[in-house]
Amino acid sequence: MIKERFSGKLNEMLSSDDWMILQPEYDPEENLKFESLFSLSNGYLGIRGSYEEGGKITLPYLYINGVFDKSETFMRELAALPNWLGIKLTIEKELIGIENCQILKFSRVLDMKQALLAKSYILRDKKGRETLVEGIRFVSRANVHRMGIKLYVTPLNYSGIIEVENIIDGTIINFHDAPRFKVKHTYITANETLDKDGIYMEVATRDDHLHVGSGCRIEAYKNGKGIMKNRMFHAFGEQGVEFGDFDAIEGETVEIIKYVSMYTERDAARYVLHMTVKEELDGFLETGFEEELAAHRAVYEEMWKAADIRIAGDFELDRAVRFNIFHLMSTGNERDARVNVGAKLLSGEEYGGHAFWDTEIFMLPFFAYVFPKTAKNLESYRYHLLDAARANARKNGYKGAQYPWESADDGTEQCPDWTIEPDGSCYRCYVAIYEHHVTAAVAYGIYNYVKITRDIDFLLNQGAEILTETARFWASRCEYVADKDRYEINQVTGPDEWHEPVNNNLYTNYLAKWNLRYVISLIDTLKKEHANEYDTLIRKTGLTAQEIDNWEIVQEKMYLPRKEGGGLLEQFEGYFALDNVVIEKYDENDWPIRPEALKTKRASQTQLIKQADVVMLLHLMGEEFSEEEIGQNYEYYEKRTLHGSSLSPSIYSVMGLKVGDDSKAYRYLKRAAFLDLLNLQKNTREGIHAANTGGVWQTVVFGFAGVSIGEDGMLAVRPNMPKEWEGLEFCLHYLNSWLKITINRDNSVLVEVLDGEALEVKVNGQIIKASRE
């Protein structure tokens with residue numbers, strides 16, 4: 001058992017192996033990967049799993065969701081804020097740290113059940129002194145402005161004075177290990193004592209001068225009695241250091257506790273920021289570390305009741321799926337509609353913390369079914385930035401609202417114009433110019449959110465306005481070709497970014513057509529059934545009957561490329577004329593090997609694609625295609641997809657199950673579930689792949705469990721269990737009920753109502769009445 005690697009109180013505290021991700025040994029070359037894997041977040045802020053004593057290879061980033069800055073960079077990105085992790089222990093000028101001592105024993109674990117990071121190691125310094133250091137770290141979900149660290153320090157073969165440095169480091173810069181991109185997004189406004197003890201550091205972002213306050217205190221206890229002596233504070237430039245020491249006795253354990261709090265002036269006025277942080281820490285000290293940890297655990301216990309998926313008979317995959325759910329649900333914010341979920345959650349700096357189409361297409365279904373309050377915040381975020389999307393459309397010569405490919409806090413386009421490769425070469429980045437399907441994703445997200453939650457109030461008062469403006473954008477984006485009597489969308493890029501730009505990407509054209517068609521129907525419903533809201537919408541948007549008539553014509557005459565005489569859909573106009581290169585070899589992990597043709601040709605010259613494109617369309621709009629069409633297109637495009645994006649495997653898994661490719665669907669799920677844990681794309685150091693975490697959940701729930709909502713609005717469950725599984729269990733919110741769904745190896749299903757009203761559910765094609773026992 002993993003917990004046996006820990007002693008005493010930690011052994012008793014930690015969860016069972018199915019909740020634990022273990023780092024069994026220390027390898028500095030693996031530091032950045034584990035910093036991502038072991039990152040902790042409470043929706044408000046996130047901090048990477050760096051070591052308290054520091055290290056040579058580390059990116060010790062802390063982010064508060066929504067705190068962005070640009071400065072000299074080419075985009076607004078999450079600003080790396082002062083790192084409060086620092087705790088250094090020294091005996092006679094010898095640092096007790098993993099890179100300064102011989103490691104005799106080492107373990108670190110992410111305990112997902114309790115959302116804490118634990119460590120245990122025995123270190124021997126140059127003079128032969130051995131010290132057992134164990135500890136835990138958490139960022140409170142019960143009180144999101146509180147974070148804590150507790151270390152258990154035991155000198156094993158010596159006695160003496162151990163010196164302690166409690167550190168807040170304000171020198172942190174973004175892209176610390178990338179010389180070309182290094183930037184410091186903050187400046188220090190205060191580095192001082194918190195009160196009579198402790199540290200208070202305040203910084204401000206350079207563009208908007210948004211102030212962020214960080215405070216901490218450190219205490220040392222033996223047998224419940226405070227023993228820290230000789231306290232003093234030093235301001236060393238942009239580091240705040242609180243010093244203290246204590247008498248260490250051989251074989252006796254001392255508990256060192258660091259209490260931390262952070263606020264921004266979005267949460268408290270600038271002139272009371274210091275006082276607010278101090279009062280929060282006073283409350284934390286009064287509550288106590290253990291009681292705050294218990295409150296944090298209690299929140300996660302409830303969160304896991306809603307979110308956990310249990311896969312019986314497949315231990316490693318069960319834990320890997322749980323790992324993905326843990327990071328996704330930890331980052332979602334149920335309190336703040338001003339923030340979204342970045343492409344790397346709050347675990348790394350790649351993509352600057354920006355929101356993409358990933359949110360609506362990959363992550364939103366999880367939140368809508370499991371944490372609907374968070375889902376509503378994600379949708380409200382888009383509404384708050386609607387005016388910015390309107391301005392973006394005007395800037396680009398279109399009408400309505402064009403949502404940016406990359407969105408931060410103000411809704412302006414944050415996608416860079418140039419991409420710089422590791423070797424220093426650069427090329428023009430056209431993603432923001434051509435990849436417009438994000439606007440359709442925002443519209444689809446509203447439709448899907450309302451479909452799942454039945455939040456009609458949101459649809460009437462926010463969603464309808466967004467939908468109207470996105471439809472208006474698509475109508476202006478389409479071009480009428482008179483000699484062919486059709487509407488086209490030219491110079492566009494679909495999900496497959498290896499073909500950029502193209503004319504008439506099927507995914508984009510189809511979703512534009514759907515967006516127009518859906519809004520036409522919605523407006524008609526509002527006019528008949530919600531007259532007041534209809535009048536408000538017309539007043540806000542200036543929508544006219546003539547405009548709606550035009551939309552009807554545009555969507556009717558939208559060009560949707562496909563192969564003549566059959567059901568094969570063409571990814572974009574001219575795709576079938578490209579070199580017909582297919583994947584013929586797979587590696588030891590059953591992953592496609594790049595065909596030899598790519599040594600002499602660019603991918604854009606072939607039919608090889610980066611990720612699900614047509615197959616993504618079939619995933620979203622499957623009810624509009626026949627089973628034969630879905631099967632034919634899955635088979636065709638699966639042989640040509642190299643999965644160069646983490647967004648791809650989960651979609652092919654779900655669709656593989658729909659067409660009966662069960663074995664490959666299972667392998668695709670494993671690829672997605674272990675993507676970050678095994679660092680399969682060699683970039684986990686940059687942060688957790690957020691869209692993939694949502695895709696893993698969809699694969700299990702929509703794919704193997706076969707959950708869907710029929711045209712009649714009834715929840716349906718039609719599972720397809722892999723031979724490796726003995727059972728599957730998970731929970732969903734639907735309508736006014738919280739449901740527990742249990743699936744057995746033989747695909748038999750039990751649906752129980754844990755809370756709320758009884759309702760009818762279609763199970764394996766038969767309608768059953770689910771109710772509370």
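These entries record what I looked up in the predicted model shown above.

**Basis.** I number residues from 1 along each chain as its sequence is written. The model is predicted, with local features requiring pLDDT of at least 70, side-chain atom pairs counted only at pLDDT 80 or more, and totals for chains, interfaces and linings taken over all residues, while side-chain values use heavy atoms, with hydrogens and water left out.

**Entry: Lys664.** I located Lys664 in helix H18 (residues 662–673); helices (H or I, at least four residues) and strands (E, at least two) are DSSP runs, numbered from the N terminus. Is Lys664 buried or exposed? Its relative accessible area is 18%, so Lys664 is buried (under 20% relative accessible area is buried, over 50% exposed, in between partly exposed; 1.4 Å probe, protein chains only). The side chains of Lys664 and Glu638 are joined by a polar contact of 3.4 Å. That term denotes a pair of N or O atoms within 3.5 Å; within protein, one must be able to donate a hydrogen and the other to accept it, and residues adjacent in sequence count only if both atoms are side-chain atoms. Setting aside neighbours within four places in sequence, I find Lys664 in contact with Tyr586, Tyr634 and Glu638 (heavy atoms within 4.5 Å).

**Entry: aromatic pairs.** My search of the whole structure returned 43 aromatic pairs. Rings of Phe, Tyr and Trp (its six-membered ring) pair if their centres lie within 6.5 Å; planes under 30 degrees apart are stacked, over 60 edge-to-face, and the rest tilted. Phe34 and Phe38 have ring centres 5.3 Å apart and planes at 50°, so this pair is tilted. Phe34 is buried at 9% relative accessible area, and Phe38 is buried at 1%. I then examined Tyr369 and Phe702, an edge-to-face pair with 6.0 Å between centres and 65° between planes. This pair links distant parts of the chain, 333 residues apart: Tyr369 lies in helix H6 (residues 358–370) and Phe702 in helix H19 (residues 690–704). Tyr369 is buried at 2%, and Phe702 counts as buried at 18%. Ring pairs also link Tyr351, Phe356, Trp357, Phe362, Trp405 and Tyr507 into a cluster.

**Entry: nonpolar cores.** A nonpolar core is a set of buried Ala, Val, Leu, Ile, Met, Phe, Trp, Tyr and Cys residues joined through side-chain atoms within 4.5 Å. Which residues touch the most other members of the largest nonpolar core? Of its 207 residues, they are Trp84, Trp357 and Tyr369. Helix H12 (residues 506–529) gives the most to this core, with 13 residues. Apart from this core lies another, of 25 residues, including Leu10, Leu14, Val109 and Tyr263.

**Entry: charges over rings.** I applied the criterion that NZ of Lys or CZ of Arg is within 6 Å of the ring centre and within 35 degrees of the ring normal. The charged end of Arg108 sits over the ring of Tyr51, 4.1 Å from its centre. That of Arg486 sits over the ring of Tyr559, at 3.6 Å from the centre.

**Entry: backbone.** Most residues other than glycine have a negative phi, and most peptide bonds are trans. I noted a cis peptide bond from Glu500 to Pro501, with omega near -15°. Pro501 lies in the loop between strand E25 (486–488) and H12. Ser71, not a glycine, has a positive phi of about 50° and is found in the loop between strand E5 (68–69) and strand E6 (77–78). Asp485 also has a positive phi of about 50°; this residue is in the loop between strand E24 (479–481) and E25, and is partly exposed at 38% relative accessible area.
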